[in-house]
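Dear colleague,

I am handing over the structure we spoke about, and below it you will find some notes on what was found. Please read them with the structure open.

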Amino acid sequence: MTAPANAADEDALSTSNSDVLRICAAADELPYSHVDKSGFENKIAVAVADALGRKPLFVFFSRPSIYIVRDQLEMKMCDVVMGLDTGDERVATTKPYYRAPYVFIQRKDTKLDIKDWNSPDLAKAAKIGFTPGSPAQIMLEKLGLFREQFNYMHSLTNFQDKRNKFTRIPPQRMVNEVADGTAEVAVNFAPEVARYAKASDKVFLTIIPDNNVRGDGEKVPHHFDQSLGVRKDDTALLSALDLALEKAKPKIEEILKDEGIPIVAGLPRS
């Protein structure tokens, strides 16, 4: 966490200051969040704080964001986390403020016809980029394509073992490897890669339908509602955030559109 610079900052960090919205945020995890506030979730947080009539105060965290709930929110270093799956059991979540899909990333000049996991051309791709442990891995295992993609998957993490430490595949790298022809296709969560796909004139995104099942018939979700998270006992803030999200909806939609994130409709998960 960044240390308060002066007495005013210390007062702002106080949990009793109702004029401030203390936002838990990753210091270096674009496109979501960055210490320079260029992440799209940083921008949404500012819009929500404005709708609340509070000053946004980012409490930046230098470790990976997967630890933010445990090490920041639960320790009361901050009060709200952006971009959690609706219904995350660790926290109380607001109503969803958008719903986003997993996508295929492909070159615009690709000769492969890939629209969903049933597309026969998936088997023709020599290299498929994806994140270990993601829905993509489950589907590739079902299709019998995981083993042949195993080494390439680990090359994207520079062969770092997730058992030793959390490793994140830089989303820009995944997009770039499709753009330069290293991989024929990649699969990722749309908010993770939309910024970099939009900036490239060589790739496009295809929304993966949300009708996928494992080999045993269990559903593999590919579309996810995104919410704000607060501590479970922070019911007053939760209610206030729900109202603020409704008020800030036009601004949030503008931010998501500018980011290039494809939004999908659907019944929110509770």
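At roughly what angle do the axes of helix α7 and helix α8 cross? The model is predicted, so local features need pLDDT of at least 70 and side-chain atom pairs count only at pLDDT 80 or more, while totals for chains, interfaces and linings use all residues. Residues are numbered from 1 along each chain as its sequence is written, and side-chain values use heavy atoms, with hydrogens and water left out.

The axes of α7 (residues 190–199) and α8 (residues 235–259) cross at roughly 55 degrees and come within 8 Å, the axes being lines fitted to C-alpha atoms over the stretch in contact, with angles from 0 to 180 degrees between N-to-C directions. This makes α7 oblique to α8, since angles under 35 degrees count as roughly parallel, over 145 as roughly antiparallel, 65 to 115 as roughly perpendicular and the rest as oblique. Helices here are DSSP runs (H or I, at least four residues), as are strands (E, at least two), numbered from the N terminus. Ala194, Arg195 and Lys198 of α7 make the contact with Lys257, Asp258 and Glu259 of α8, where contact means heavy atoms within 4.5 Å.

Pro171 lies in helix α6 (residues 171–179) and counts as buried, at 4% relative accessibility (buried means under 20% relative accessible area, exposed over 50%, partly exposed in between, with a 1.4 Å probe and protein chains only). Beyond its neighbours within four places in sequence, Pro171 is in contact with Leu30, Pro31, Glu192, Val193 and Tyr196.

Best regards
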